[in-house]
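Hello,

Here is the structure I promised to pass on to you. Have a look at it first, and then read on for my notes.

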Amino acid sequence: RLAIARGLSEADALAALTTVPARLCGVADQLGTIEPGKLAHLTVVEKGRYFDEDAQVREVWIDGRQFLSPIKDGKKKDADAKADAKKKEKETLRGQLNAAPAQKDRGPLLSPRAVFIKSATIWTSGPQGRIENASLLIVDGKVRAVGTIADIPPDAHVIDRPSIHVTPGLIDCHSHSMVMGGVNEGTLPSTAMVRIGDVVNSESETIHQQLAGGLTVANLLHGSANPIGGQNCVIKLRDGAAPEDLKLGGAPGGIKFALGENVKQANWGDAFKYRFPQTRMGVPAFHTNRFTAAQHYAAALAKGGQPVRRDLELEAIAEIIRGERLVHCHSYRQDEIVAFLRVMESFGVRVATLQHILEGYKVADEIAKHGAGASAFSDWWAYKFEVYDAIPHAGSIMRERGVNVSFNSDSSDHARRMNLEAAKAVKYGGTPEDEALKFVTINPAKQLGIDKMVGSLEVGKDGDLAVWSGSPLATSSLCLETWIEGRQYFEREAARRRAEARQAERLTLIDKAKKLATDPTSDPAASKTQEKFFFPALEDRAGHQCMGCCLDHQMPWKN
């Protein structure tokens, strides 16, 4: 009933109690529906439909045997009267809930068939480079033309702002945002079987915040607790979409590896002191062990004959060996980086990216020879012992030595201003501006294997872009609009109105909560309902925080 009050259909609600659990439990041939030949398990209610507030269970049948409801006829009239009163109270609350749908300020702001941007400085991050006083046309979510455009669809949405700059949508190659719960499954040295794609949080407010910084794509990674971690998930920031709809179709599968202090559990305490490996030398030994096991597993499957017990961990590692899954490896020290590349080369594996790679500038030639990308921090250093040799010039040095370099956030906060992270490559190392912007556009797209779809403004690619008030590398510039596949997901003035409306709603709820706390009779329907409402935190005279749970349990505020 609570779910139906918030918009779930009665058919889906009933299925969630009958056909779906029957299927999940493998008994759909016996239970879940009323059909000839199935077990006679029935529920009979009085007064209306099954989900009506005043509907009362009168009979339950199990295997064709009838069981009567404990409700006595003498108490039935009183129960009916209370149910009628309660139903009227809740009708008002349901109306309020239905009048304010959860998606009212989320989702695309505009979804035109065509978008035309005129008289802008366009940073294509592609072969055309930066084009002054140019135009861009997007039709049906794809880039149709860049440069001088004469044929403009009559129904196109026109963006004509003074002195604007346009870039591809920015890409974050290392993110832990939009993930439910922790990102580390640290109980085993190899957790290749776990998947970040199973815990994508589409309700995270950071989606909107990062759209406000021009970000359109993020690589959601498992943590760095294990030599072999979990599988990653590449998403587009389609605010308002369901978790599955955030995922970028066609993105190659990936997986998180790690080296260094985290892997050997330095300073983790006694809880993990018996988990292998405990030393840096144990890490390549473990990688070799699991890759060898995956080879044997794949060979057994290919041989046929005796059935092979399915192993999801070894399946994922076998995909790496076959070149079907990309390795993104958390790495800091030069010696470990080179050792890891040698182990992977012994199995014929090319590493997609070395993440963070604080000492990568010391072994840039080795990285370039292997063909790995470097997804680096722009200027983080000295936050723990193994990064004491980190320098902000590392990205520029590696690029000059032929390494494909990107800058990542590893932070929900930094992900809001990836354009300024890219600008640091200009400050530290003198990277040309066009090349610096590529650190957060086409370069991470190449590292993630999605450069045929996103990363640059080229004909045929997705219409993902950000509109800036000035140069995207200037600290004074603001992101004015963010578009994904030709749909507008962020616009600065709309975001301001959204924030004002949310603040007004918040203050209204706080005021209502305070009134109910001091005078429960001020809103009988709200104070008596069993539905769960979560009000913003209030604070009593003793400084204790309250989330309004007294309203759920019909308790006085003082308790």
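Before the rest, a word on the source. This is a predicted model, in which local features need pLDDT of at least 70 and side-chain atom pairs count only at pLDDT 80 or more, while totals for chains, interfaces and linings use all residues. Residues are numbered from 1 along each chain as its sequence is written, and side-chain values use heavy atoms, with hydrogens and water left out.

**Overall picture**

The protein has 17 helices and 22 strands; these are DSSP runs numbered from the N terminus, helices being H or I with at least four residues and strands E with at least two. Of its 559 residues, 47% are buried, where buried means under 20% relative accessible area, exposed over 50%, and partly exposed in between (1.4 Å probe, protein chains only). The accessible surface comes to about 27400 Å², and 53% of that belongs to carbon and sulfur atoms; the areas come from the Shrake-Rupley method with a 1.4 Å probe, and for residues only the protein chains shown count as cover. Among contacts (heavy atoms within 4.5 Å) with a separation of 6 or more, 65% are between residues 24 or more positions apart.

**The six-stranded sheet**

An open sheet of 6 strands runs in the order E11-E13-E14-E15-E16-E17, with mixed pairing; two strands pair if DSSP finds at least two bridges between them. Strand E11 (228-231) and strand E17 (405-407) are at the edges with a single partner strand each, so one side of each has no neighbour in the sheet. From one strand to the next the twist averages 25°, with axes taken as lines fitted to C-alpha atoms (for helices, over the stretch in contact) and angles running from 0 to 180 degrees between N-to-C directions.

Inside the sheet, E13 (residues 253-258) and E14 (residues 325-331) are parallel and share 6 bridges, with Ala 258 partnered by His 330 in E14. E15 (residues 353-356) and E16 also run parallel, joined by 4 bridges, and His 356 stands opposite Ala 376 in E16. In a regular strand the side chains alternate between the two faces of the sheet. In E16 (residues 373-376), Gly 373 and Ser 375 point one way and Ala 374 and Ala 376 the other, and all are buried.

**Around Thr 124**

Thr 124 lies in the loop between strand E4 (114-123) and strand E5 (130-139). Is Thr 124 buried or exposed? With 1% relative accessibility, Thr 124 counts as buried. A polar atom of its side chain is 2.7 Å from the backbone oxygen of Gly 129. Beyond its neighbours within four places in sequence, Thr 124 contacts several residues, including Val 146, Pro 168 and Ser 456.

Pro 168 also stands opposite Leu 465 in E18; E8 (residues 165-168) and E18 (residues 465-468) run antiparallel and are joined by 4 bridges. E4 and E8 are parallel, with 2 bridges, and Thr 121 has His 165 in E8 as its bridge partner.

Phe 490 is in strand E20 and counts as buried at 3% relative accessibility. Its contacts outside four places in sequence include Leu 109, His 208, Leu 211 and Ala 495. Phe 490 and Gly 214 are 276 residues apart in sequence, yet 8.6 Å apart in space, C-alpha to C-alpha.

At the start of helix H15, a side-chain oxygen of Glu 491 comes to within 3.1 Å of the backbone nitrogen of Glu 493. The 27 residues of H15 (residues 492-518) should span 39 Å at 1.5 Å a residue, and the end C-alpha atoms are 40 Å apart, which agrees; the expected span is 1.5 Å times one less than the number of residues. Ala 495 is one of the buried residues of H15, among them also Arg 498 and Ile 510.

**Two positive phi values**

Most residues other than glycine have a negative phi. Met 178 has phi near 55°; Met 178 is in the loop between strand E9 (170-175) and helix H5 (206-211) and is buried, at 2% relative accessibility. Glu 485 likewise has phi near 55°, but Glu 485 is partly exposed at 22% relative accessibility, in the loop between strand E19 (479-484) and strand E20 (487-491).

Best wishes

Conventions
Polar contact = N/O pair within 3.5 Å; in protein donor to acceptor, adjacent residues only side chain to side chain.
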